[in-house]
Amino acid sequence: MDKVVIFDTTLRDGEQAAGGTLNIQEKLQIARQLDNLGIDVMEAGFPASSPGDMEAVKLISKEVRRPVICGLCRAHPDDIDAAWEGIKNAAHPRIHVFLSSSDIHLLYALKKSREEILGMSREMVKRAKSYCEDIEFSPMDATRTEPSYIYKIVEAAIDAGATTVNIPDTVGYTVPGEYAALIAGIIKNVPNIKKAIVSVHCHNDLGLAVANSLAAINVGARQVECTMNGIGERAGNASMEEIVMALKTRKDFYNVTTNIDTKQIYKTSRLVSELTGFSVQPNKAVVGANAFRHESGIHQDGVIKMPITFEIMDPKDVGIPASSLVLGKLSGRHAFRERLAELGYSLGDDDLMRAFNAFKETADKKKDVTDRDIESLVAEQQRTVSEVYHLDKLQVTCGAGIPTAAVSLTAPDGRTVADAALGTGPVDALYKAINRIVGVPNKLTEFSVNSVTEGIDAIGEVLIRIESEGVTYTGRGADTDVILAGAKAYMNALNRLLSARKPSASVKSNH
Ligand code: KIV
Ligand code: ZN
């Protein structure tokens, strides 16, 4: 059976999603998990776009040794040099050069002729090839480009040394039949096509990214570019978990395999959601909370008798933990550690102790502690490891009177600083009190609360986004007390902002 190369661009196109800033350590954490997942190529970033991206790409190249590590660049000498600088220490480096090919882009964005673009493609692929054997070339906006011109540009790129040619549906405009015909046309009409792998890269503006990618694989594309949870620019990219599970579930139809360890999908999805702050919608295929829940009595009855009646995939195959040994306040450290291991976490002794203490506190407030609670607790512990300011105490009064908040924080120099403020509501008062101490101007742009499980004693997860000097920072916090969860989320966002302003920290790439 043919292999389809899984090219993951969660850390590049995925991170381009509005509000999806990741710091360098978070990128490395995701990179390590993508490695566990078994992706073949990891697009780690766009080194020329920001010093933060450069640093992250360098770090990932050094630390993640199994997959190909790819750096993106425009067809411009300085960009190509920067991409090489970023990935040159990778065990398997790849440079990915892109250049617009559609008349719309040539006329309005680049103001160049088709001949000029052809020449640039050739020259810039040659430059990249002088650094590295593994070169990918993408004619951007390919699906709005005349096919006969795509054939020429692809041929020129392969001639100059491209080993993968990627055909992006940059604006999510194509439809499955049309895209399949374009890919089939390339395979048929580009004379040197056998020297390269044909890749596809689809955006989801019409909700067709996965369908388009699969249609292209069906006619011979053998690399697919995708992101975990489908995150990415605008409506996102093709979702990796959907493509991989479609190829696996319908291998009778597609007759291809991938190197993905599908049991790592759920864990990767949770991590990406947690770190980017993009929640996964409940009805999301494969990884949504309802993806394997059966509500109708007829379906439930069928699944009890034989799961195959209404389940086309086994939830265990995507790593959804077989549910669910519920822990409570009498559960000991051993049972907790076992459950963590079953959920795919292996914590060091200190982290385990911290997580266990948090579990005990939760179990005191809440009768049953479920898997989702445990995931939320571990995430909360991981959030608080590298804090600039630490939240010590918090007192909020609200109701018919004037909402008031008093907070005390530990400052970076170890001092305890306390202050208080009035507000229009408890959260407003709380954020104002924190602002009086931290003193970094910012605007709250998003605030949402979700309960992790059902029931009045559920843990509430607060997600917020704040904006400062044009950059968005995400914060998350979890607690059975939603006001406290809101405070933790705000501290998390402020700490990210403060860390990002340290000289070595990452800022959102500007591409
Ligand atoms: O969507 C697109 O065209 C891209 C290219 C840089 C490959 O992301
Ligand atoms: Zn893209």
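Guide: Let's start in helix α17 (residues 426–438), where Lys432 and Asp428 are four residues apart, which means that about one helical turn separates them. Their side chains meet in a salt bridge, 3.0 Å from N to O. A salt bridge here is a side-chain nitrogen of Lys or Arg within 4 Å of a carboxyl oxygen of Asp or Glu. Lys432 is partly exposed, with a relative accessible area of 38%, and Asp428 counts as partly exposed too, at 26%. (Buried is under 20% relative accessible area, exposed is over 50%, and partly exposed is in between, using a 1.4 Å probe and protein chains only.) Helices (H or I, at least four residues) and strands (E, at least two) are DSSP runs, numbered from the N terminus.

Before we go on, a word on what you are seeing. This is a predicted model, in which local features need pLDDT of at least 70 and side-chain atom pairs count only at pLDDT 80 or more, while totals for chains, interfaces and linings use all residues. Residues are numbered from 1 along each chain as its sequence is written, chains are lettered from A and ligands numbered from 1 in the order written, and side-chain values use heavy atoms, leaving out hydrogens and water. The pLDDT is the predictor's confidence in each residue, from 0 to 100; the chain averages 92, and 96% of the residues score at least 70. Over residues 504–511, however, the pLDDT is below 50.

Back to salt bridges: the count comes to 37. Another one joins the side chains of Glu136 and Arg94, at 2.8 Å from N to O. This pair links distant parts of the chain, with Glu136 in strand β6 and Arg94 in strand β5 (residues 93–100), 42 residues apart. Glu136 and Arg94 are both buried. Lys284 also forms a salt bridge, with Glu241, and the closest N and O atoms are 2.8 Å apart. Lys284 lies in the loop between α12 (265–276) and α13 (297–305) and Glu241 in helix α10 (residues 240–249), so this pair ties together parts that are 43 residues apart in sequence. Lys284 is buried at 9% relative accessibility, and Glu241 is buried at 0%. Arg270, Arg372, Glu375 and Glu461 are linked in a network of salt bridges.

Strands β5 and β6 bring us to the barrel. Eight strands close into it in the order β2-β3-β4-β5-β6-β7-β8-β9, with parallel pairing. Two strands pair if DSSP finds at least two bridges between them; β8 and β9 (residues 223–226), for example, pair in the parallel sense over three bridges. Val200 stands opposite Val224 in β9.

Asp13 lies in helix α1 (residues 10–14) and His203 in the loop between β8 (197–202) and α9 (209–218), so the pair ties together parts that are 190 residues apart in sequence. Asp13 and His203 are both buried.

Methods: Contact = heavy atoms within 4.5 Å.
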